[in-house]
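The following note sets out several points for a colleague to check against the coordinates. Please read each one with the structure open.

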Amino acid sequence: MSIFSLYLDINLGILTMRITPSINKVLKSAEGNLQRLLTRTKILQRLTFEVRQCLPQALSPRCLVANIRDNRLIMYTDTSAQANLLRYYMPNIIKHLQQCQEYPDLRRVVVKVRPPTPILSFPQEQRPPALSQENAALLRNTARRIKDSHLKSAFLRLSLKSKK
């Protein structure tokens with residue numbers, strides 16, 4: 001099989017074939033803006049790795065390098081408490097990155113709080129709360145005194161939903 005994936009597309013009832021390159025092929029042969037974006041992403045990932053080397057193990061997974069420009073390193077973390085802790089490590093981060101050949105002019109670290117984005121979950125089917133035996137007995141006793149047949153049968157059906 002070649003590096004191309006075959007996709008079948010039904011367009012207005014006519015079966016057509018399109019050949020699209022795999023995502024790896026597109027990324028390897030990226031040009032222009034996509035190539036610049038990929039390069040920038042790799043730089044920021046490498047910087048994040050380097051910065052995490054300067055931090056304690058409990059704090060390092062909570063920080064992310066967002067950008068570097070104008071001799072400033074911009075970092076994100078989850079909470080303001082972690083941001084305060086990161087500020088204590090700023091001199092170590094600057095010193096470590098200045099020792100790297102690529103960032104000798106780094107002068108400042110800016111820490112911003114960016115809470116993690118919530119993971120959207122689909123609502124799960126919720127079961128109604130179980131009815132206790134005592135409440136089921138109360139419903140049956142109440143149903144015996146009700147004259148309206150529809151309401152009486154509704155109370156009796158409800159009393160059957162108790163946990164056993």
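1. Asp-70 counts as exposed, at 63% relative accessibility; here, buried means under 20% relative accessible area, exposed over 50%, and partly exposed in between, with a 1.4 Å probe and protein chains only. The model is predicted, so that local features need pLDDT of at least 70 and side-chain atom pairs count only at pLDDT 80 or more, while totals for chains, interfaces and linings use all residues. Residues are numbered from 1 along each chain as its sequence is written, and side-chain values use heavy atoms, with hydrogens and water left out.

2. Asp-70 sits in the loop between β3 and β4, where helices (H or I, at least four residues) and strands (E, at least two) are DSSP runs numbered from the N terminus. Although Asp-70 is not a glycine, its phi is positive, at about 50°. Asn-71 is found in the loop between β3 and β4 as well, and its phi, near 60°, is also positive in a residue other than glycine. Asn-71 is partly exposed, with a relative accessible area of 40%.

3. The structure holds 1 salt bridge, defined as a side-chain nitrogen of Lys or Arg within 4 Å of a carboxyl oxygen of Asp or Glu. Asp-78 and Arg-62 form it through their side chains, at 3.2 Å from N to O. The pair links distant parts of the chain, 16 residues apart: Asp-78 lies in the loop between β4 and α3 (80-88), and Arg-62 in the loop between α2 (32-53) and β3. Arg-62 is partly exposed, with a relative accessible area of 42%.

4. The largest pocket has a lining that includes Arg-62 and Asp-78, together with Arg-52, Cys-63, Tyr-76 and Arg-114, among others. A pocket is an open set of points on a 1 Å grid over the protein atoms alone, where a 1.4 Å probe fits, with protein on both sides within 12 Å along at least five of seven lines; lining residues have an atom within 4 Å of a point. β3 (63-69) and β4 (72-77) are the elements that give two or more residues to this lining.

5. Which residues does Leu-86 touch, not counting residues up to four places away in sequence? They are Leu-55, Leu-59, Cys-63, Met-75, Thr-77 and Val-111, where contact means heavy atoms within 4.5 Å. Leu-86 lies in helix α3 and is buried, with a relative accessible area of 1%. Leu-86 and Leu-59 are 27 residues apart in sequence and 8.0 Å apart in space, C-alpha to C-alpha.
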